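Please open the model in your viewer and keep the selection panel at hand. The tour below goes from one selection to the next and says what to look for at each stop.

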Amino acid sequence: MSRRQILDAVVVGAGPVGAALALALARDGFEVALVEARAPKPWRAEDEVDPRVVALAPDARDLLDDLDVWTSIAERRAGAYRHMRVWDALAPGELHFDAAERGAAALGWIVENRLIQDALWRACAAGASAVALDREDRAATYSGRIFESRRAAGDVRVHCPAEVVEIENGDEAVVATLDDGTRLRAALLVAAEGAESSLRGRLGIAFGGRDYGQRAVVAHVATERPHESTAWQRFQPGGPLAFLPLADGRCSIVWSLPDAEAARVLALDDAAFRAELGCAFDFRLGAITAATPRLAFPLRLRLAERYVDGRCALVGDAAHVVHPLAGQGMNLGFRDVACLRRVLREARERGDDHGAAPILRRYERERRSENTLAARGLDAIERVFGTDIGPVAALRGAALAAVDRFGPIKHWFANRAAGR
Ligand SMILES: Cc1cc2nc3c(=O)[nH]c(=O)nc-3n(C[C@H](O)[C@H](O)[C@H](O)COP(=O)(O)OP(=O)(O)OC[C@H]3O[C@@H](n4cnc5c(N)ncnc54)[C@H](O)[C@@H]3O)c2cc1C
């Protein structure tokens, strides 16, 4: 195969981050293949809201808008939040962000993971196999290799279900062999398979950090009073409790608790759970009147020691896993996408080999420092707010109140959260 016949990029993992990257590169005229192990379950309006939701920052929304998928997400189900209130269980003082103060319509949007992935997945597959997609929709599954199909300009070649069983990370190209024997030869391979990335291990990249000894209990709840389009967060010694406003008027909760406490809360009956949750939330929205079944996710900090190996790069949770207390994980992943996209585009404009390691290291330099800073910052917040030592609690209450009153610092925090 000649140099010109190879793909520009292979992206492995079609979660929100990988699918967004594949689509972005295809839109920029790169020839892209996307490999996904498990066909995502289609999003349907009549289904219960997916238990996993994320708070999307404005720059993440901008990326999705640029990829022409935001309108479809917003029209289907996205809850804008205009306020954010953060307070401490052990000290007075509250931090309040208001979109109006920033001249913005919203501080962010609460969206189901599955809906984001669905919109991106449809867009990736759109030009390739729309008829098959409709047929599969009716069967409520996207499964089968139907997406390995012809390619029009701007399309992504989707291989699903498929996994990479071997990589040859060469000087001229990287060759990924799939479990069905297909060999994909490309200038660049990007691992976007999430926290359990097997390619990261295959490339010998260490992934270190710490376990928080906590689990995030998630559920959707109805409350006595309306959520006021506000993202609420109460810090407690065991971990933070967030109430995120859903488009249907309910709240999605993310309750970080020590492992044993999480196990106990998961085992409570519905009435006891609602009573404890209302109490843990200071009854800020009155009683909890209904709750969906609970799920729990272990919380960890993990950082890849490097993001690049030869012609391979890591993005999203494959590169970094952070505490969800500020709702940053996917937002950081989308910032990886925006950065890698820009670096590759600039390389092509200069006529450089966009998959060469020196090019990929530009991406690594920019994103690894930013993600590490974010992860360490969140880790520090978790440590400071996770203690019930009296003087520390008093200090952090005072700090919240001070940040709330001091415009420039507050503005800085708001900008960081918004990705500006
Ligand atoms: C409780 C909780 C709350 C959170 N809240 C927020 C929030 O408010 N805001 C925010 O920004 N982030 C939040 N996050 C983090 C966010 O969910 C993740 O950062 C995000 O889902 C990572 O996306 P990803 O595409 O990198 O990985 P994933 O979503 O894990 O996707 C990986 C994809 O790769 C596929 N795959 C895996 N292995 C292979 C393989 N070998 N071959 C091919 N494909 C493979 C998988 O099937 C999947 O489709 C939260 C996380 C938790 C646990």
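A salt bridge, as the term is used on this tour, is a side-chain nitrogen of Lys or Arg within 4 Å of a carboxyl oxygen of Asp or Glu. What you have open is a predicted model, in which local features need pLDDT of at least 70 and side-chain atom pairs count only at pLDDT 80 or more, while totals for chains, interfaces and linings use all residues. Residues are numbered from 1 along each chain as its sequence is written, and side-chain values use heavy atoms, with hydrogens and water left out.

**Stop one: salt bridges**

The structure holds 31 salt bridges. Select Glu48 and Arg250 to begin with, which form a salt bridge whose closest N and O atoms are 2.8 Å apart. Glu48 lies in the loop between strand 2 (32-35) and strand 3 (53-56), and Arg250 in the loop between strand 15 (239-245) and strand 16 (251-258), so this pair ties together parts that are 202 residues apart in sequence. Helices (H or I, at least four residues) and strands (E, at least two) are DSSP runs, numbered from the N terminus. Glu48 is partly exposed at a relative accessible area of 43%, whereas Arg250, at 17%, counts as buried; buried means under 20% relative accessible area, exposed over 50%, and partly exposed in between, with a 1.4 Å probe and protein chains only.

Next, select Arg122 and Asp118, whose side chains meet in a salt bridge of 2.8 Å, N to O. Both residues are in helix 4 (residues 113-138), and because they are 4 residues apart there, about one helical turn separates them. Arg122 is partly exposed, with a relative accessible area of 24%, while Asp118 is buried at 1%.

For another salt bridge, go to Arg61 and Asp62, where the N to O distance is 3.3 Å. Arg61 has a relative accessible area of 21% and is partly exposed, and Asp62, with 32%, is partly exposed as well.

**Stop two: aromatic pairs**

How many aromatic pairs does the structure hold? There are 7 aromatic pairs, counted where the ring centres of Phe, Tyr and Trp (its six-membered ring) lie within 6.5 Å; planes under 30 degrees apart count as stacked, over 60 as edge-to-face and the rest as tilted. Select Trp70 and Trp109, an edge-to-face pair at 5.5 Å centre to centre with 70° between the planes. Trp70 belongs to helix 3 (residues 70-77) and Trp109 to strand 7 (residues 108-112), so the pair ties together parts that are 39 residues apart in sequence. Trp70 and Trp109 are both buried.

Tyr307 and Tyr363 form a tilted pair, 6.1 Å centre to centre and with 40° between the planes. Tyr307 is in the loop between strand 18 (295-304) and strand 19 (308-309), and Tyr363, 56 residues apart from it, is in helix 9 (residues 357-385). Both Tyr307 and Tyr363 are buried.

**Stop three: a ring cluster and charges over rings**

Select Trp87, Trp232, Phe243 and Phe281, which ring pairs link into a cluster. Finally, select Arg294 and Phe273, where the charged end of Arg294 sits over the ring of Phe273 at 4.1 Å from its centre.

Terms used. Lys NZ or Arg CZ within 6 Å of the ring centre and 35° of its normal.
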